[in-house]
Amino acid sequence: MKILTEHINTPGIETFDVYRKKGGYTAVEKAIKTMGPDAVVEEVKKSGVRGRGGAGFPMGMKWSFLAKPEGVPRYLVCNADESEPGTFKDHYLMKNIPHLLIEGMIISSYALGANKSFIYVRGELMYVIHILEKAIEEAKAAGFLGKNILGSGYDLELIVQPGGGAYICGEETALLESLEGKRGNPRNKPPFPAVKGLYQCPTVVNNVESIATTSWIINNGGEAYAAIGIGKSTGTKLISASGHINKPGVYEIDLGVSCDEFLNSDEYCGGVRKGHYLKAVVAGGSSVPIVPGHLFLKTANGEDRLMSYESLSDGGFATGTMLGSGGFIVFDETACIVRNTWNFARFYEHESCGQCSPCREGTGWMQKVLNRIEHGKGSMHDIDLLVDISKKIEGNTICPLGDAAAWPVASAIRHFRDEFEWHIKEPIAATRPGAVYMKESVLV
Amino acid sequence: MENTAPQLFKVTIDGVEVEVPPGTTILQAARKIGPEVAPPAMCYYEPLKGSGGKCRACLVKVSAGSAKDPRPMPKLVASCITPIQDGMVVENYTNPQVVDARKSVVEFLLINHPLDCPICDQAGECHLQDFSYEHGVGTTRYEEDRRTFEKEDIGPYIQLHMTRCILCYRCVYTADQITEKRVHGVMNRGDHAEISTYIGQAIDNDFSGNVIDVCPVGALTDKTYRFKNRVWFSKPVDAHCDCEKCSGKVQLWYRGDEVIRVTARKNEWGEVKEFICNTCRFERKQTSEWTIEGPTKVSRASVISANKYGKNLVTKPDFALKLAESQYKKIDDDRPYLHEMSEIQQSEDYKALMAKDEKYFGHK
C-alpha cells in the first residue's frame, strides 16, 4: 500500500497544479469545511498512527495532551531536522512531494488550533528549504494558507526555519530552543512541550512523515488507516534502506511485512549484494541496537520477525532492536563491527550537546576507547569498561541522546564480543586495511 | 472554621519525613531535613533561575511517585528540578543504584578535569573536591589524554581556566541574570564545549566578579588573588560597607592583618546569599574601608576551619597533636579549642592518650 509515495514519481508533482490534480488539498477542504478540529483529532486518534521520528509515540494521544489555556497561542512544529545516520526518508519526501507536508501541516495546525506553524529543516538541506518555501507560496496563492483559509475564518502562517545543522536539534525541546534563537540544548522535562513548549506556549512537535500521513487519514478515515499494518503498528512506514544491499533507497512498507521479505524480495531491498552474506542489521537508524543477521530474521523464540514496532523490539535489548526512525542499514561479512561502532561513537561524541555530564564525558570516553581498540591498542578490560560506561550513561541523561549513544556500543559488544576480542588479541592482523573478523556462525 | 494555612505535602526522603509546600523540589525538601540526606549539587544554584539538571550529581530514586499513584519512577531523576508530590518516597543514600550512579558522575566529571588541586586557588573550597571525596572512588579508569585549553583572560579581573571547567553553566546563568548585556556563554558542543566570551569581548560590568563566586571549581579565578594564598591559611570575617551599587555585605579573607580577598557571603550549601559588586570585591582591600561584624561561622568539617589562622604556618605538624585534636573533636565538641602544643599536652585527653599507649608515642 502506498500512502505517502503514491504519486511521488509523477512528473511535476512538486508543483501545486500537478499535486492538486492528483487529489491534493482535498483533505484540507474536507477537514476545514466539513469536519472541524475535534473531529480531525478524533480521526487521527482512530488511525493509531505512531510518531515516525523514532520514539513511536501515538500521534493522536500526543495531540490530545496539548494544553489549551485561554488566550495563549498554540504552536505546531514540524521536526524536519532529520540527521540520524542511516535515515533519509524525510529529505526524500520533502524534496519530491513538498505539498504533502504542507497539506499535512495545514490539517494538523487546524486540528490543534495553531495559527502559526513552523517547519524546522536541518540547515544542510538548503535546497529543500527553497522547495518548501516555493510550495508554501503556491499554496498561499491558491488560498490554502494565509488569512481566512477557504473562507472558514481560520488563519495559518507557515514558516520554514533552517537549523544550524546539529543532530541534537532533532530532540524536540532542543529544537524548540533552537527555534527560539538560543543554543540548542535540550530542556529539562517536565514541563513537556505540550504544556510549555515554544515561547513557553503549548506546542506539538511532530515528524515530517507523521504529519504527511494526516491528509490520507482525513481522506480515507482513521479506520481505513488502522486496517493497514499489524496490531498497534498501524499504517505504512518509510524505510531508508542502505548498506550492502542490491537496491538501496526509500521504501514505503506496510508495517508488519516480514523482515525476510523486506530484505530479500525484489520489491524492496533485493537481498544482500551478490556473493556475500548477511552479517548484521541496524534496523532503525544508528541509535538502535545492532543485531546479528539471524536475530534480525528470526526472534530468539524462532518466530519470523516482522517490520513492526512490536516485533522488532521482541526480546528486549538482549536479542531485539527497535524500528526507530526507519534507518535500515545492512552489513555483510566485509563490514567490521568494531570500526562501525567506533564510527557511530564518533558521531555521538561530536553531536552531544555537552550539557549533562554522563553524555558529554561518556560519549567522548567511549569514542576514545573504541578508537584504541580499532587501532590495535586496546586491552581486554577495555571491553568491560565500554559496557560499564554505556550502562552509566543510559537513563541518566537529560535527553535520549545519551541512550542513543550507549545502545549501539552495548549491543555491538553483546552480539559481537569475539570480534572485539580479536581486535585486541590480534592487533596486527586486525589493523591491516580491510581486515575483517570472520566467524561463519553469525553469517546468514 | 476554614483552614487557611497552605496545604503541605508530605515527602519521605531516606526514611525521614518532611512537610514542604507544593512546588518544592526534592533537593530543597532534602536540604530542609539536613546535610545527611541532601543530595550533592554541582550545577544547581538556588539564586539562579533555570539552573540545575545538568550535572546529574543529584540523581535520586523515586520509589513511590505520590500517595495517589505510588508507582516508582522508571529512571533516576535529577532531584534539583523534580517537584515533590504528596506522599512521595525518595531514596537517596539508601539506594545502591543512586550511590553507583553518583560514583559514575564523579568519574565522568573527573576524566577531563586536570586534578591540579595542589596549584589550584579553589582547592579547599572546591565543590568538585568535596563531591569526589565524598561520593567518588579513589582510582580512575581513564587512560586517554585529557582535553586542555589555553588560559584566557576575560576582563581585567577574571581569568578563565577552561581546562578545569565542568560545564555547570552557573556562570552563564549569572552573567545572564545578574549582569546586563551578557557577553559570555558556551561555545561548541560535547566534551569540546567551552565557556568563552564573544570574540574580542571582555567581561566588563559592575557585577561580573560574581561568576567567580558561583564557579564550583577553579575555572574562573580572581586575578587579584591568584596564587597568593591557600584558603585554609586565611580567616574569613563578615563585614559590610555602604556601597551604592550592592548590599555591601561581604566576607573578608584575612591572612595575618592583610585582606587578601573579598567574596560574597555564602550559605551552608555554598550558595551566594547576596551578589556583590566589583568595587567591593576587587578594590576595597583595606580593613579601614569595612565595618567588621565578626568571624564567619565555618563548618567544623571544612578545611577552612582546620587552619591555624596563620599562626602555626611554620610549625611541623605533630602527629600526636593532630590525633589529640581529632580525638577530642570526636568525644565532645563543647570543650575549648586548643592550639598550642603546651596547652594540649596539659589536657586530660592528651594525658589519657599517652597513658593508653605509651609505646606508640615512642618519643617520650
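Modeller: Start with a term for the surface: a residue is buried under 20% relative accessible area, exposed over 50%, and partly exposed in between, using a 1.4 Å probe and protein chains only. The model is predicted, so local features need pLDDT of at least 70 and side-chain atom pairs count only at pLDDT 80 or more, while totals for chains, interfaces and linings use all residues. Residues are numbered from 1 along each chain as its sequence is written, chains are lettered from A and ligands numbered from 1 in the order in which they are written, and side-chain values use heavy atoms, with hydrogens and water left out.

Biologist: How many salt bridges does the structure hold over all chains?

Modeller: A salt bridge is a side-chain nitrogen of Lys or Arg within 4 Å of a carboxyl oxygen of Asp or Glu. Over all chains, the structure holds 36 salt bridges. In chain B, B:D69 and B:R71 form one of them, at 3.0 Å from N to O. B:D69 is partly exposed because its relative accessibility is 34%, and B:R71 is exposed because its value is 58%.

Biologist: Which parts of the chain does the pair A:R339 and A:E374 link?

Modeller: Helices (H or I, at least four residues) and strands (E, at least two) are DSSP runs, numbered from the N terminus. The salt bridge between A:R339 and A:E374 has its closest N and O atoms 2.6 Å apart. This pair links helix 15 (residues 337-351) of chain A, which holds A:R339, to helix 16 (residues 357-374) of chain A, which holds A:E374, 35 residues apart. A:R339 is partly exposed at 44%, whereas A:E374 is buried at 7%.

Biologist: Is the pair A:K279 and A:E419 buried or exposed?

Modeller: A:K279 has 2% relative accessibility and so counts as buried; A:E419, at 1%, is buried as well. Their side chains meet in a salt bridge of 3.1 Å, N to O. A:K279 lies in strand 9 (residues 278-282) of chain A and A:E419 in helix 18 (residues 401-425) of chain A, 140 residues apart. Salt bridges can also join into a network, as with A:R52, A:K89, A:D90, A:E209 and A:K237.

Biologist: In what order do the strands of the open sheet in chain A run?

Modeller: Two strands pair if DSSP finds at least two bridges between them. The order in this five-stranded sheet of chain A is 8-7-11-9-10, with mixed pairing. Strand 8 (249-254) and strand 10 (290-292) of chain A are the edges, each pairing on one side only. Strands 9 and 10 of chain A pair in the antiparallel sense over three bridges, and A:V281 stands opposite A:V291 in strand 10 of chain A.

Biologist: At what angle do helix 3 and helix 9 of chain A cross?

Modeller: Two packed helices are described by the angle between their axes and the distance between the axes. Axes are lines fitted to C-alpha atoms, for helices over the stretch in contact, and angles run from 0 to 180 degrees between N-to-C directions. Helix 3 (residues 37-47) and helix 9 (residues 208-220) of chain A have axes that come within 10 Å and cross at roughly 100°. Helix 3 of chain A is therefore roughly perpendicular to helix 9 of chain A, a word used for 65 to 115 degrees.

Biologist: Which residues make the contact?

Modeller: Contact means heavy atoms within 4.5 Å. Helix 3 of chain A contributes A:V40, A:E43, A:V44 and A:S47, and helix 9 of chain A contributes A:T214, A:I217 and A:I218.

Note on methods: Angles under 35 degrees count as roughly parallel, over 145 as roughly antiparallel, 65 to 115 as roughly perpendicular and the rest as oblique.
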